[in-house]
Amino acid sequence: MSVEAWTTILVIISFIIYLYIGWRSRVKDSKGFFVADQGVPAVANGAATAADWMSAASFISMAGLISFLGYDGSIYLMGWTGGFVLLALLLAPYLRKFGKYTVPDFVGDRYYSNTARLVAVFAAIFVSLTYVAGQMRGVGIVFSRFLQVDIGTGVIIGMIIVAFFAILGGMKGITWTQVAQYTVLIIAYLIPAIAIALKLTGNPIPQLAFTFSDIVEKLNQIQVDLGFAEYTQPFASKSMLDVLFITIALMVGTAGLPHVIVRFYTVPSPKAARYSAGWALLFIAILYTTAPALAGFARYNLIDTLHNKTVAEIQELDWATKWENTGLLQFEDKNNNGIIELMPDKEASEITIDRDIIVLSTPEVANLAPWVIALVAAGGLAAALSTASGLLLVISSSIAHDVYYRIINPQASESQRLMVGRIMVGFAIAIAGYFGVNPPGFVAQVVAFAFGLAAASFFPVIILGVFDKRTNKEGAIAGMIIGLAFTTYYIIGVKFFAMNAWFFGVSPEGIGTVGMILNVVVTLIVSRLTPPPPPEIQDLVENLRSPEDSPVALADIGEEELD
């Protein structure tokens, strides 16, 4: 069978599984919708968290970035995995012990302020919409190539699937769907990596094949021969300062991502939250230790297959023709010598490769079996849809729970809260679909922006909310506003209005580090210049850090005490 036929079969089978799980996991109350009844086992939550966190950026785009950037691409490996360690050690158990549904819920109660809650809601929606745009683009790319439809149609198909299990099952449906999606995506990632490692080096273990074979030496030499920097040369495309800032932004951004944090509310206890974080880290490490090897293999194969080939030879490559039809791979014989050449100068280079197609095209470039190529497509969809569903629920819960129930209508019934939550998922999906068709960048770049925004807004107020009882509502509000406003201004200015990267050349992907530092400084200064939190809030913070698993008993604070 053809690749397209295999893809259609595997995608339909996987979608049927997701839809069945969503139907079986349908919920009737808000606790099931927002936190899956807090009854998810640690191992299952670890797999769901891994799928939620390893988005289209991890599956589709990260290896592509590493393939293009070489050594400098390690920022994504160090930042994202290091950030998950921060989240597991410093945030997850304490937030679970706090016992709320959402990050804005924590911010609103810890800082005894509805204004702080609303700022956190705005930040959660802003970060989530930025992040989900990358996921929808990933869905569109997969469909545009393997089902031969345009990207817009692919995004709409993905929206319909996500809408079904997100609206019907809420967090409970999403959780068990994500367990299935993790299984699909990790198998889809490992099989081609193992096959290509065996084919290129004779060693079936990608990590060992990449480390102990001569493939890196060959790739370095090829790069030099073509006029590129060595693949392993550090700081070839980014300055040392920018590498540091991007790594930190990705790290603290990971620890502040609302859709990942909310996963730790779904387990029975803080102890289970710690265990599920450990399982998630293990599940994530399987893919993240494979990515550098797959990136190197992909770079080697692409150059070997495409560079210095005649136009006729390129046209005979079925996969190249089909990717060219998507507009994500382009060939142009600019010097009219009949030979297609890859060059360091983008203007002179006759091959243009979108970074988002590296992983998806690698099995085809390596001439693997059609079912393997199709499996990778199904894995890419699983990665994108799992994260998109988690993000959509964050947007829904931020409005339905944190604004509607906690501020507008505290007497809302279960059915009213559930209905508002489901309606908000529908609105969020529509907005996400628009950004999927009209994305502000390639997948991993868009996701990196989201991490920067999360770093500048959430991480400081959460970490200080847990470990500094003197931090008050005035400081938290001022810090979040300053951090988010500065980071947004810099990203939009540099990315969309051709503003120079005026802060020591730091890129938009790394400016979240500066926003985070500003947030911390402003929060601490304002908190010390204004009255301390009420005694019951300070007692709550002390209790939050105690080793017992019992939930925090927050003294009743009347709504009139909340600004």
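Modeller: Let us begin with patches, which are made of residues with over 30% relative accessible area and no salt bridge, where like charges are joined within 9 Å and nonpolar side chains (Val, Leu, Ile, Met, Phe, Trp, Tyr) within 5 Å. A salt bridge is a side-chain nitrogen of Lys or Arg within 4 Å of a carboxyl oxygen of Asp or Glu, and accessible areas come from the Shrake-Rupley method with a 1.4 Å probe, with only the protein chains shown counting as cover for residues. Please keep in mind that this is a predicted model, in which local features need pLDDT of at least 70 and side-chain atom pairs count only at pLDDT 80 or more, while totals for chains, interfaces and linings use all residues. Residues are numbered from 1 along each chain as its sequence is written, and side-chain values use heavy atoms, with hydrogens and water left out.

Colleague: Which residues form a nonpolar patch on the surface?

Modeller: The patch consists of M1, I9, I13 and I17, which together have about 370 Å² of accessible area. I17 belongs to helix α1, residues 3–24, where helices (H or I, at least four residues) and strands (E, at least two) are DSSP runs, numbered from the N terminus. Buried means under 20% relative accessible area, exposed over 50%, and partly exposed in between (1.4 Å probe, protein chains only); I17 counts as partly exposed because its relative accessibility is 41%.

Colleague: What is the volume of the second largest cavity, and which residues line it?

Modeller: The second largest cavity has a volume of about 50 Å³, and among its lining residues are T102, P104, P258 and S398. Here α18 supplies the largest share, 3 residues.

Colleague: Which residues lie nearest the centre of the largest pocket?

Modeller: They are F68, F228, R299, K346 and R355, out of 28 lining residues, and the pocket itself holds about 790 Å³ of space. Its lining divides into 14 nonpolar, 9 polar and 5 charged residues, where Ala, Val, Leu, Ile, Met, Phe, Trp, Tyr, Cys and Pro count as nonpolar, Asp, Glu, Lys and Arg as charged, and the others, Gly among them, as polar.

Colleague: Finally, what is there to notice about phi at N308 and N336?

Modeller: Most residues other than glycine have a negative phi. N308 has a positive phi of about 65° and lies in the loop between α14 and β1, while N336, with a positive phi near 55°, is found in the loop between β2 and β3. N308 is partly exposed because its relative accessible area is 49%, whereas N336, at 67%, counts as exposed.

Definitions and conventions. On a 1 Å grid over the protein atoms alone, a cavity is a set of points where a 1.4 Å probe fits but cannot get out, and a pocket is an open set with protein on both sides within 12 Å along at least five of seven lines; lining residues have an atom within 4 Å of a point. Grid points are joined across faces, edges and corners, and a volume is the space filled by probe spheres set on the points.
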